[in-house]
Amino acid sequence: MYGGKILYHYTDFQAIDGILRCAQLRVNNVLRMNDSAEMRHFMKRLCTAIADRLNREGSPRRAEEIWDLFHEELKKEYSAFAACFSFRRDDAAQWERYGNRGRGICIAMRRDCLQKMAKGALSLQTVFYQDDMAGHPMVEVFCRLAREGEALSGENPAVRQAMCAAWACSVSFKHPSFSSEYEMRLVVSPFERSGFDIKPCYHVTKERIKKYYPLDLKAMCGEIGIGIEDLVTEIIIGPDSAQSLAIFQDYLRDHGLAKLAGRVSLSDCPLRGLIK
């Protein structure tokens, strides 16, 4: 499944207008997505794995220090920003969770192109689904610091660096119950800002203010020598969408994307009329 060449982004028609007409792909705050607890879930499980290793090695005091360190760290709110993709095409669960409950749209993009675009502060990460972090490389990083006698506090530069690396790893982990999503993420790391000069934008609703970063797809495509029509391989209208196929094709032609008009189809997912 993870060897797929095409990635699918399920969204709504407002977002697809931004992607196609405005050539802008938003990366949104991971902590505001429907899987908002996953970064913290990773950190908690990582802490448990580190403390368990130190206890087995006969260092219960250092294990307690790890618990205290992570307890303080989890009081903070770190942000990472991502655009989410799946390897699954025309998938019922994806439509319901991310495609406006089947009334939205799915845009397919070439994985190799996105990978070439992902440089500097941007990275294309495969999401891993696991609960036991015992074998994760960050366990050894923290245990080595403990063995070397480093002060396990946020004031220690070496520990601070390790903690930042752990938070960065947390962006690409989700609870195993989401494993059927087969997800990849185009991520802006909260800790690696070098080479990322895009200013954040804010979307104001009646209930709150949301922060996001607008990625310039036209410029990013240009840097690797392709156009948006080379990046996008297919567009699928959702199984419960009222959108006319012909009108959407007219929309594409009238906005200079005639090649994509022939790549639009209606979903075959057998949920039409059932998602409420």
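## A helical turn in H10

Asp250 and Arg253 sit three residues apart in helix H10 (residues 245-254), so about one helical turn separates them. Helices here are DSSP runs of H or I with at least four residues, strands are runs of E with at least two, and both are numbered from the N terminus. The side chains of Asp250 and Arg253 meet in a salt bridge, at 3.2 Å from N to O. The term salt bridge means a side-chain nitrogen of Lys or Arg within 4 Å of a carboxyl oxygen of Asp or Glu.

How exposed are the two partners? Asp250 is partly exposed at 39% relative accessible area, and Arg253 is partly exposed at 43%. (Buried means under 20%, exposed over 50%, and partly exposed in between, using a 1.4 Å probe and protein chains only.)

## About the model

You are looking at a predicted model, where local features need pLDDT of at least 70, side-chain atom pairs count only at pLDDT 80 or more, and totals for chains, interfaces and linings use all residues. Residues are numbered from 1 along each chain as its sequence is written, and side-chain values use heavy atoms, leaving out hydrogens and water.

How many salt bridges does a search of the whole structure find? The search finds 15. One of them joins Glu65 and Arg62, at 2.5 Å from N to O. These two residues are three apart in helix H3 (residues 60-73), so they too are separated by about one helical turn. Arg62 counts as buried, with 10% relative accessibility.

Lys75 and Glu72 also meet through their side chains in a salt bridge, at 3.0 Å from N to O. Here Lys75 is exposed at 57% relative accessible area, while Glu72 is partly exposed at 42%.

## Strand S10 and its partners

Now let's turn to the strands. Strand S10 covers residues 209-216. Five bridges join S10 to strand S2 (residues 24-29), and the two run antiparallel; Val27 stands opposite Tyr213 of S10. Two strands pair if DSSP finds at least two bridges between them.

S10 also pairs with strand S9 (residues 201-204) in the antiparallel sense, over four bridges. In this pairing, His203 stands opposite Lys210. S9 and S10 form a hairpin, with four residues between them.

## A nonpolar patch

Which residues form a nonpolar patch on the surface? They are Tyr202, Val204 and Ile209, with about 350 Å² of accessible area together. Ile209 belongs to S10 and is exposed, at 59% relative accessible area. Patches are made of residues with over 30% relative accessible area and no salt bridge; like charges are joined within 9 Å, and nonpolar side chains (Val, Leu, Ile, Met, Phe, Trp, Tyr) within 5 Å. Accessible areas come from the Shrake-Rupley method with a 1.4 Å probe, and for residues only the protein chains shown count as cover.
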